[in-house]
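These are my notebook entries on one structure, kept in the order in which I looked things up.

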Amino acid sequence: MNRLTVIGRIVRDTELRAVGDGRIVMNNTIAIPRTFKTDKGQDTDFINFVAWGRRAELIEEYCNKGDLVGFDGRIQSRSYENDQNQTVYTVEMVVESVHFLQTNRKSNRTAVSP
């Protein structure tokens, strides 16, 4: 079973990209505070995520950097070659549904994911 549900804040401004075959994609990071505190304060995990198509468009339309969102999805691993011809391995969350958990500052509406 490969299921992941997270609640956190979007780390960077949202930005859509079109990939070679015309599909829309968004890559970003979600900051998830841990449920416990250490002697240095509360730790946070930063999880890279990818959203495709309409989900990516909805996140871009309704979210800003710092907004609180919930994601349901799965973990995937992949690799690619960087500019130095080195193989880079990455693990990221593939977003399958979005839950907007605060009023949208872009349009002053509360959004609901399809």
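**Entry 1: a pair in helix 1**

In general, an α-helix has 3.6 residues a turn, so residues three or four places apart point the same way. E57 forms a salt bridge with R54, with 3.6 Å between the closest N and O atoms; I take a salt bridge to be a side-chain nitrogen of Lys or Arg within 4 Å of a carboxyl oxygen of Asp or Glu. E57 is partly exposed at a relative accessible area of 30%, and R54 counts as partly exposed at 48%, where buried means under 20%, exposed over 50% and partly exposed in between, with a 1.4 Å probe and protein chains only.

**Entry 2: basis and confidence**

I note that this is a predicted model, in which local features need pLDDT of at least 70, side-chain atom pairs count only at pLDDT 80 or more, and totals for chains, interfaces and linings use all residues. Residues are numbered from 1 along each chain as its sequence is written, and side-chain values use heavy atoms, with hydrogens and water left out. The mean pLDDT (the predictor's confidence in each residue, from 0 to 100) is 89 for the protein, and 89% of its residues reach 70 or more. Over residues 109-114 the pLDDT is below 50, and beyond near neighbours in sequence this stretch has 12 contacts in the model, a contact being heavy atoms within 4.5 Å. Where pLDDT is low, the predicted coordinates should not be read in detail.

**Entry 3: other salt bridges**

I then went through the remaining charged pairs; by the rule above, the count comes to 6 salt bridges. The side chains of E96 and R74 meet in one of them, at 3.3 Å from N to O. E96 lies in strand 6 (residues 87-100) and R74 in strand 5 (residues 68-81), so the pair ties together parts that are 22 residues apart in sequence. Salt bridges that share partners join R3, R74 and E96 into one network. D43 forms a salt bridge with R34, the closest N and O atoms being 3.6 Å apart; D43 is partly exposed at 28%, and R34 is partly exposed at 30%.

**Entry 4: the buried side of helix 1**

Which residues of helix 1 are buried? I find A56, L58, I59 and Y62 buried there. They cover an arc of only 160° around the axis, which puts them on the same side of helix 1; the arc is that of the directions from the helix axis to the C-beta atoms. What covers these buried residues includes strand 1, strand 3, strand 4 (41-52), strand 5 and strand 6.

**Entry 5: the core**

The largest nonpolar core has 18 residues, and those with the most contacts inside it are I30, F49, I59, V69, F71 and F100. By nonpolar core I mean a set of buried Ala, Val, Leu, Ile, Met, Phe, Trp, Tyr and Cys residues joined through side-chain atoms within 4.5 Å. Leaving aside neighbours within four places in sequence, F49 has contacts that include I30, I59 and F71.

Conventions
Helices (H or I, at least four residues) and strands (E, at least two) are DSSP runs, numbered from the N terminus.
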